[in-house]
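Subject: Structure handover

Hello,

Here is the structure I promised to pass on. Please have it open while you read, and my notes follow below.

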Protein chains: 2
Amino acid sequence: MTKTDSPQPLANKTSTTNSQQPGKKQIRKKSENMSEWYTDVILKAKIADYSPVRGSMVLRPYGFAIWERIREELDKKLAQLGCQNSYFPLFIPMSLLEKEKSHVEGFSPELAVVTHGGGQELEEPLVVRPTSETIMYEMYSRWIHSYRDLPLCLNQWNNVVRWEKRTQFFLRSMEFLWQEAHTVHESHQEAQQMVLSALDAYAEIAQDLLAIPVLKGVKSESEKFAGAFQTVTIEALMPDGKALQSGTSHDLGQNFSRAFNIVFQDQQGENQFAWQTSFGLSTRIMGGLIMTHGDDQGLVFPPQVAPIQVSLLPVRTDDYRLVEYCKLLKSRLEKKGVRCEVDDREKLSFGYRLNDAELRGIPLRVEIGPKELNAAEIQIAVRHLHEKRKLAVATFEEGVEKLLAWIQQDMFTKAKERVKSMTYEVDNFEDFKRIMKENRGLIKAYWDETPETEAKIKEITKATTRCVLLDEPESEGLCVYSGQPAKRRWYFAQAY
Amino acid sequence: MTKTDSPQPLANKTSTTNSQQPGKKQIRKKSENMSEWYTDVILKAKIADYSPVRGSMVLRPYGFAIWERIREELDKKLAQLGCQNSYFPLFIPMSLLEKEKSHVEGFSPELAVVTHGGGQELEEPLVVRPTSETIMYEMYSRWIHSYRDLPLCLNQWNNVVRWEKRTQFFLRSMEFLWQEAHTVHESHQEAQQMVLSALDAYAEIAQDLLAIPVLKGVKSESEKFAGAFQTVTIEALMPDGKALQSGTSHDLGQNFSRAFNIVFQDQQGENQFAWQTSFGLSTRIMGGLIMTHGDDQGLVFPPQVAPIQVSLLPVRTDDYRLVEYCKLLKSRLEKKGVRCEVDDREKLSFGYRLNDAELRGIPLRVEIGPKELNAAEIQIAVRHLHEKRKLAVATFEEGVEKLLAWIQQDMFTKAKERVKSMTYEVDNFEDFKRIMKENRGLIKAYWDETPETEAKIKEITKATTRCVLLDEPESEGLCVYSGQPAKRRWYFAQAY
């Protein structure tokens with residue numbers, strides 16, 4: 001693949017149709033051009049579609065089901081961290097947004113502004129939330145008075161708007177869905193613990209649910225969240241060699257509590273500014289899921305997140321014995337909690353339905369013809385390997401369960417091996433430039449940690465600092481660009 | 001109660017605090033002034049709060065948990081109807097909204113309009129969705145080509161904005177949360193069936209989950225949805241005698257399919273305009289829940305919807321035996337799926353915690369003191385009756401389960417009796433006026449079904465037509481206002 005293979009802009013193009021007509025799959029090859037493949041597979045598998053609003057997309061049921069799976073699992077993890085769900089207004093008065101200086105500077109180029117309501121011009125414009133720090137913290141300052149009110153940990157699952165010039169399905173869109181949690185603590189230490197626990201939860205979602213390997217690290221000063229003291233991140237590497245920031249967790253220090261006057265009386269009776277965090281994970285990670293695992297035949301979903309784990313296909317839909325046998329197997333699997341479908345759509349050929357199951361990335365596929373009705377073993381097609389396995393009918397459920405668990409693990413292992421093969425430890429800038437030009441991928445290199453060097457490297461190679469690992473040991477080295485003393489290797493990559 | 005007792009406007013007032021300081025409950029009495037009580041109980045029980053944005057509210061965790069319960073149950077019912085979840089953009093181009101004439105006329109006074117994005121004035125203003133017919137149907141017209149693409153039934157759980165002059169917690173707010181489902185069918189009959197099935201689902205949510213009795217009926221021409229062929233509704237009656245429209249389901253006929261060119265080829269190969277429906281239920285119904293069941297001590301939640309069904313209170317929080325015993329009972333109840341809490345918040349007196357459990361409307365409360373540790377029976381306080389019952393410890397879980405089921409039923413029965421006592425069959429306009437002035441409530445009366453009479457009755461009594469029952473038989477009568485022949489009794493009430 002070449003450097004120009006990244007997904008195309010999300011413009012208002014002709015959309016796909018819903019039509020269930022037999023026909024060719026018509027997706028271009030990932031192995032030849034990931035960018036074209038990415039758009040094709042999203043449209044043809046009915047994950048999402050272009051909308052009449054430039055830069056916004058429509059999330060269709062099959063795509064939304066993926067988000068629901070992520071939400072379900074992450075919601076449990078956030079509850080374990082003590083976060084409670086809540087809902088705050090979509091609109092933020094401009095004056096509130098301006099309370100924290102670096103925050104408004106970071107977001108002001110991206111704002112959508114409501115100037116008219118109910119047929120009248122508003123006295124004060126309202127901003128459509130790009131994130132909810134300011135409106136939530138205004139409320140926090142009203143609610144928090146004593147250490148007894150802490151910790152306060154609220155989460156929202158909502159939609160936010162950031163005006164983007166170049167948009168792409170999932171990776172960058174004007175409106176997106178996410179969760180944003182905002183927590184308040186008595187001490188910096190407790191806040192820092194929450195920042196790291198949240199990052200762990202995100203890494204588990206990425207790795208255990210989505211089988212996307214991630215680095216857990218700290219962002220540089222220039223890459224951190226607008227208004228944060230420190231930002232930590234999970235970073236994934238896509239098959240085209242570009243990095244995808246997939247979830248961030250921010251130590252806000254006392255920056256916002258000072259701006260919003262969030263003060264509590266501590267156990268000694270002294271007034272203190274509170275310590276805060278915020279962290280968010282968005283539908284963006286679905287772009288990472290699609291790119292990480294898909295192949296020339298279409299999507300490939302890891303079983304944990306797959307809305308449908310097993311597709312049961314009667315070879316002929318007009319033979320009731322085949323359809324009934326599929327339904328029997330389905331009910332046996334559902335008793336074990338396996339998510340499955342019988343695809344007995346009439347008027348669609350077997351070949352079409354088979355290709356469609358592949359396109360939709362369903363981890364396992366079972367084809368039931370007359371021979372299978374009396375067989376003691378059934379063949380089952382493993383999507384990510386393009387191989388078939390045999391399972392005993394007597395222990396079919398157990399066989400499927402084991403296979404699903406193994407697929408999840410195997411897909412993660414393969415993804416880790418790919419990332420490893422695209423990661424380079426580099427000690428001179430010529431190699432750095434060459435790798436970024438020829439291969440892209442992740443470069444691990446010493447950096448003097450000055451913004452000047454960071455900007456120069458970006459200017460020359462388009463690579464930005466992604467993060468320094470949380471557990472990266474200090475060592476002695478020379479900056480790959482400036483030759484100045486440096487103490488830690490950082491990860492660099494071109495990024496979405 | 002008098003006519004001025006309805007909930008107060010949702011202005012930007014001083015909000016409540018989060019502080020867990022012992023103190024008086026400070027809620028005014030429902031029996032004296034429901035309006036003041038309604039605001040107090042929402043603020044003090046931390047259901048919601050005023051926000052910095054006029055007309056928008058903050059949904060706090062305890063209030064949001066109620067919405068999550070409603071969402072969970074309704075989502076299952078909608079899936080059974082064949083609806084799939086999806087997500088469409090928040091912004092709608094003004095030109096799209098204008099495609100269906102009566103629709104845009106109905107909504108244009110209530111629109112919030114984005115005129116600037118990314119620092120620039122937009123060429124075409126974007127409307128913040130007041131409802132999603134237009135943007136969804138634009139996509140439907142791209143997706144639907146053949147009868148094989150039908151039925152198409154999509155649902156969204158989202159936020160919508162309608163610019164309201166007078167706002168109240170839940171009942172009327174500028175932004176609210178809801179679900180909106182939009183279905184497309186081959187025939188009018190199939191669409192009509194969906195309209196009624198959706199209404200049944202809403203009635204089950206209201207009656208079985210929330211214990212709110214509702215009428216199922218048809219709206220008049222002037223009260224139907226902007227753009228609909230016909231609207232059906234569930235209508236509830238609040239204790240102040242005002243009706244609350246609690247969920248609506250619309251037969252859109254072919255109005256929108258003609259405006260948006262949603263055409264399919266039928267089984268005979270002919271092109272046809274599709275038949276459509278839409279239906280929605282919002283956080284508004286939470287206002288109905290609060291008003292229907294609350295009392296002078298605070299909220300009262302039916303067990304099915306209560307986020308916490310049983311509160312276990314150690315009389316002293318510094319006696320570990322009491323706390324441990326509460327935790328033991330909690331774990332026994334949780335095994336049966338009962339939602340419970342141990343309120344062992346230190347520094348809060350027993351009296352405060354007891355009042356707080358009442359304020360929060362938790363259906364059952366158990367107080368554990370030293371005596372209870374070795375007792376074979378435990379007293380349990382039933383919130384809606386202010387009575388205590390005894391349960392054998394040996395069969396505690398079963399006793400609680402039975403009691404919860406009975407409470408659900410009893411609360412619904414009592415609510416039905418109240419509504420019955422506030423419903424009047426009226427045959428002359430003097431009685432109509434007197435009842436609306438003195439008692440409010442529901443009036444069932446003959447109406448000649450002309451918009452002129454409807455408008456006159458509204459002008460004189462503030463009462464509007466609420467609905468005519470779906471199964472109201474035709475009969476012969478004279479219009480209560482005009483004396484003209486009329487064929488059915490309609491329900492009238494003043495309404496939120």
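In which sense do β5(A) and strand β5 of chain B pair, and over how many bridges? They pair in the antiparallel sense, over five bridges, and β5 of chain B covers residues 112-117. In this pairing H116(A) stands opposite V113(B) in β5(B). Pairing here requires that DSSP finds at least two bridges between two strands. Helices (H or I, at least four residues) and strands (E, at least two) are DSSP runs, numbered from the N terminus.

Before going on, a word on conventions. This is a predicted model, in which local features need pLDDT of at least 70 and side-chain atom pairs count only at pLDDT 80 or more, while totals for chains, interfaces and linings use all residues. Residues are numbered from 1 along each chain as its sequence is written, and chains are lettered from A and ligands numbered from 1 in the order in which they are written.

**Where the chains meet**

The contact draws on 55 residues of chain A and 57 residues of chain B, two residues being in contact if their C-beta atoms, placed from the backbone, lie within 7 Å. On the side of chain A that touches chain B, strand β5 (residues 112-117) of chain A gives the most, with six residues. By class, that side of chain A holds 27 nonpolar, 18 polar and ten charged residues. For these classes, Ala, Val, Leu, Ile, Met, Phe, Trp, Tyr, Cys and Pro count as nonpolar, Asp, Glu, Lys and Arg as charged, and the others, Gly among them, as polar.

**Helix packing in chain A**

Helix α2 (residues 61-80) and helix α6 (residues 188-209) of chain A have axes that come within 10 Å and cross at roughly 145°. Axes are lines fitted to C-alpha atoms, for helices over the stretch in contact, and angles run from 0 to 180 degrees between N-to-C directions. I70(A), E73(A), L74(A), K77(A) and L78(A) of α2(A) meet A201(A), E204(A), I205(A) and L209(A) of α6(A). Six of these contact residues are nonpolar, none polar and three charged.

Helix α9 (residues 320-335) and helix α11 (residues 396-421) of chain A pack at about 65°, with their axes 9 Å apart. This contact is made by L329(A), R332(A) and L333(A) of α9(A) with F396(A), E397(A) and V400(A) of α11(A).

**A sheet in chain B**

Five strands form an open sheet of mixed pairing in chain B, in the order β16-β15-β17-β18-β19. Its edge strands, each pairing on one side only, are β16 (340-342) and β19 (387-392) of chain B. Neighbouring strands are turned by 25° against each other on average, direction ignored. Strands β17 (residues 364-368) and β18 (residues 377-382) of chain B run antiparallel and are joined by two bridges; L364(B) has V382(B) as its bridge partner in β18(B). Helix α10 (residues 350-359) of chain B packs on the sheet, touching β15 (310-314) and β17 of chain B, with its direction at about 175° to that of β15(B). Helix α11 (residues 396-421) of chain B lies across β15, β17, β18 and β19 of chain B, at about 145° to β19(B).

Best wishes
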